[in-house]
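I opened this model to look up its aromatic pairs and what surrounds them. My entries follow in the order I made them.

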Amino acid sequence: MKRLRASAVLLLALAAPLLGQADPTLKRAVDAASALDYPTAIRLAHHAIDDHLSAADQKVAFRLLGTSYAAMDSGAEAQEAFGQLIVIDPDFDFDAASVSPKITGQYALALAEVLVVRHLSADSVRFVAGREQMNLRYTLTQRARVVVRIEGPDGSVRLDSSLVDPGTVRVAWNGLLADGRPPAGGTYRLVVEARSAGDQFAADLPLRVVAGSVDTLPALTHLPGYDTLPTTVVPPRSFKPLGIAALVTGLVAGGALALENGDLSGGSRREVTIGGGAALALGLVASLSRPAPVPSEANIRYNTLVHDQLARQNRQIAETNVLRRQQVELDVSPAPKVAP
């Protein structure tokens with residue numbers, strides 16, 4: 001039963017990557033491992049390696065050796081085989097959900113014994129050179145002195161040179177080369193070199209760089225939330241003219257009555273009455289008519305402030321656009337690696 005479980009673990013570990021090998025000896029090694037004949041699988045895998053396998057078949061052979069040795073509880077040999085696999089394919093990882101902890105444990109021990117730079121990556125990003133930045137990542141398996149640089153047809157720049165502990169490391173690039181200029185565009189390389197106690201390893205990632213101009217800002221035609229106000233306003237209706245007409249009519253009538261000691265004739269009284277009524281009518285018409293617009297000093301001052309602020313902001317936009325026309329926007333994305 002233990003041997004059957006080991007077989008299942010091994011088959012899960014080998015599965016798809018071991019299909020379609022070009023070397024016949026390696027094919028027989030895979031068949032032997034599938035039949036639980038690990039000694040034969042190991043022997044044939046070593047023979048296949050001695051026959052100068054292709055790079056793809058070398059990865060298959062060392063993976064087969066590592067998993068076969070792990071199934072036989074030969075930890076040192078498994079780690080040695082996995083170490084060769086790591087050097088050939090630093091980014092390889094087992095699927096921990098489908099592979100025995102025995103295999104992943106041996107592989108982790110092998111990783112700790114080999115100095116490699118793994119999972120070198122960069123996100124596709126668009127940014128303004130010198131003002132923004134892009135992030136680059138890699139994983140280091142041992143403490144080492146690391147130099148990170150970008151190089152290409154228009155120059156190069158060193159991004160980091162320091163002693164780095166194992167783990168995932170992030171490095172930023174502001175889009176400028178060593179002389180302070182942005183790249184003109186083309187294919188560049190992100191290079192990471194690690195050195196430790198006589199061991200060294202280098203990894204690189206092609207980057208496609210497209211340089212373009214930065215968009216300028218449009219001038220403002222109005223300030224959002226600050227609309228201008230009318231320069232004239234219509235005052236509210238006032239019944240003051242009617243009040244004045246009534247007051248004047250009352251005074252005139254009272255004065256006339258007082259002067260004549262009440263001896264006014266009927267005609268005179270009618271004239272006073274008619275005149276008073278006409279005055280009251282004129283006062284009423286004047287009170288009910290629509291007042292003429294008058295200048296609004298408060299609105300005029302407010303509009304002046306809005307116009308001054310709009311002009312100030314447009315001057316700032318013009319100054320910003322002068323700087324923007326001198327800037328370069330970079331569109332950077334990982335490029336496909338060319339097979340050796």
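I began with F82, which is buried at a relative accessible area of 0%. Buried means under 20% relative accessible area, exposed over 50% and partly exposed in between, with a 1.4 Å probe and protein chains only. This is a predicted model, in which local features need pLDDT of at least 70 and side-chain atom pairs count only at pLDDT 80 or more, while totals for chains, interfaces and linings use all residues. Residues are numbered from 1 along each chain as its sequence is written, and side-chain values use heavy atoms, with hydrogens and water left out.

Next I looked up the aromatic pairs, and the structure holds 6. Rings of Phe, Tyr and Trp (its six-membered ring) pair if their centres lie within 6.5 Å; planes under 30 degrees apart count as stacked, over 60 as edge-to-face and the rest as tilted.

I took F82 and F94 from these: the ring centres are 5.5 Å apart and the planes stand at 75 degrees, so this pair is edge-to-face. F82 sits in helix α5 (residues 75-88) and F94 in the loop between α5 and α6 (101-113), 12 residues apart. Helices here are DSSP runs of H or I with at least four residues, strands are E runs of at least two, and both are numbered from the N terminus. I noted both F82 and F94 as buried.

F82 also pairs edge-to-face with Y107, at 5.4 Å centre to centre and 80 degrees between the planes. Because F82 lies in helix α5 and Y107 in helix α6, this pair ties together parts 25 residues apart in sequence. Is Y107 buried or exposed? Y107 counts as buried, at 3% relative accessibility. I recorded that ring pairs link F82, F92, F94 and Y107 into a cluster.

I then checked helix α5. Its 14 residues should span 20 Å at 1.5 Å a residue, and the end C-alpha atoms are 20 Å apart, which agrees. The expected span is 1.5 Å times one less than the number of residues. The buried residues in α5 are G75, A78, A81, F82, G83, L85 and I86. What covers them includes α4 (55-71) and α6.

Last, I wrote down the totals. The protein has 9 helices and 11 strands, and buried residues make up 35% of its 340 residues. Of the contacts (heavy atoms within 4.5 Å) with a separation of 6 or more, 68% join residues 24 or more positions apart.
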